[in-house]
Amino acid sequence: MYNSVMNTSTSPFNPIPLRAQFPALQTMTNGRTPIYFDGPGGTQVPQRVIQAMTHGLTHNMSNVGGPFAASHRANDTVTAARQAAADLLNARRPDEIVFGQNMTSLTFSVSRAIARTWQEGDNIILTRLDHDANISPWLLAAADKGVTVRWLDFDPTDCTLRLDALPALLDSRTRLLAITHASNAVGTIPNVARAAQMAHAAGALVYVDAVHYTPHGPVDVQALDCDFLVCSSYKYFGPHTGVLYGKYDLLDDLIAYKVRPAPSKPAGKWETGTQSFESLTAVTAAINYLADIGGDQPTRRAQLVQAMTLTSQYEMGLSDYFLRGATAVPGLHIYGITDLERLDERTPTFAVSLDGYTPAEVAAKLGEQDIYVWHGHYYAIAVMERLGLLDKGGLVRIGFAHYNTRDEIDQLLAALQEMAA
Ligand SMILES: Cc1ncc(COP(=O)(O)O)c(C=O)c1O
């Protein structure tokens with residue numbers, strides 16, 4: 001076992017009181033507390049999110065737009081969630097925030113609208129580091145419109161995106177760069193602001209998938225200067241609801257696929273059908289949970305920035321701890337950045353393999369010990385293809401969240417050691 005028995009790092013962030021807020025982290029399975037290292041697939045939720053969902057189902061079930069109190073409450077729910085998400089992402093105004101079923105559905109919908117503006121002979125750029133939800137919608141739209149797809153590669157040795165290759169892919173016919181804020185497989189955080197600068201200089205729009213990044217750092221759409229950014233509340237301690245940010249003028253100008261009397265202005269223009277008001281109540285609660293971690297600050301945005309800075313520093317400590325321990329496990333291979341000086345370029349999400357076992361076997365063996373990890377491709381199809389692993393069972397994914405501890409990592413490392421032996 002790696003040489004520390006500390007529960008937490010020396011970071012000012014302490015996960016222990018926060019863990020107490022998560023019922024799932026207190027619930028015993030097989031006589032022990034499970035270890036949730038499956039955050040990249042979906043995080044657990046604090047009690048206040050569960051209460052908010054119940055509150056929403058109890059009080060906010062009337063539809064919006066009616067002349068009575070329950071309907072006014074539903075309106076207020078949507079308004080509050082839009083403001084909370086605007087604070088989380090640093091949108092300039094709440095009507096730049098669109099809610100939907102999940103990131104994938106939002107991306108299919110918006111990609112259709114964006115693709116209407118493309119002409120045959122145009123081109124778009126996708127990256128091999130992206131989750132398929134930021135690839136397939138664009139591939140299908142490009143095929144519909146006779147648009148060429150260009151690929152931005154990553155370096156397979158450390159899974160860093162090859163931004164140096166981007167200028168050669170861009171030209172005056174480039175309409176879009178779709179890029180991940182962080183890889184849900186290998187954890188790489190590309191320099192999205194730099195990529196956006198280059199894409200904008202060529203006149204292309206920038207569509208950012210922040211689903212994996214959002215629980216691991218402060219998202220700032222203004223600093224990134226992206227045109228669109230998508231994330232999913234269930235990856236950051238909330239319910240299953242997708243969130244899309246779009247620059248107001250673009251949301252206003254683009255033609256949305258919608259039914260006729262629906263709102264003609266953002267953000268309602270982009271929200272098809274009736275929203276899940278109970279989920280939106282819980283979306284706000286999840287963002288407020290994060291904001292509270294930031295303590296006393298003049299605004300909720302400032303609280304969120306502080307919270308995500310504290311938690312990302314703590315998570316870097318977990319990554320450091322894991323990486324140091326993992327090198328002692330014979331036959332364990334880690335894909336992605338392993339340089340301890342570069343932990344700010346990755347999330348605490350590790351894709352690994354262990355000699356002598358398939359990824360499915362590793363995950364199942366850990367699962368038997370109630371250590372929850374994923375295996376396979378986790379829809380990072382292009383990543384696994386590039387690494388030559390798509391047909392070989394992919395990799396094991398171990399993902400830490402701010403509610404995880406060094407003690408849990410010790411248990412993981414001990415289990416891996418035992419398997420390796
Ligand atoms: C990086 C990334 N992008 C997109 C998605 C798809 O998100 P959703 O389930 O909200 O459609 C996921 C889900 O795992 C993801 O990790």
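A: Arg128 is partly exposed, with 25% relative accessible area (buried is under 20%, exposed over 50%, partly exposed in between, with a 1.4 Å probe and protein chains only). This is a predicted model, where local features need pLDDT of at least 70 and side-chain atom pairs pLDDT 80 or more, while totals for chains, interfaces and linings use all residues. Residues are numbered from 1 along each chain as its sequence is written, and side-chain values use heavy atoms, without hydrogens or water.

The partner of Arg128 is Asp153, in a salt bridge with closest N and O atoms 3.9 Å apart (the cut-off is a side-chain nitrogen of Lys or Arg within 4 Å of a carboxyl oxygen of Asp or Glu). Asp153 sits in the loop between strand 4 (148-152) and strand 5 (154-155), and Arg128 in the loop between strand 3 and helix 6, 25 residues apart (helices are DSSP runs of H or I, at least four residues, and strands runs of E, at least two, numbered from the N terminus). Asp153 is partly exposed too, at 23%.

Next come Arg173 and Asp122, which meet at 2.7 Å, N to O. Arg173 lies in the loop between helix 7 (166-169) and strand 7 (174-180) and Asp122 in the loop between helix 5 and strand 3 (123-127), so their bridge ties together parts 51 residues apart in sequence. Asp122 is buried at 0%, whereas Arg173 is partly exposed at 33%. Together with Arg175, these two form a network of salt bridges.

Finally, Asp87 meets Arg300 at 2.8 Å, N to O. Because Asp87 belongs to helix 4 (residues 69-89) and Arg300 to helix 12 (residues 300-326), this pair joins parts 213 residues apart in sequence. Asp87 is buried, at 14%. The whole structure has 19 salt bridges.
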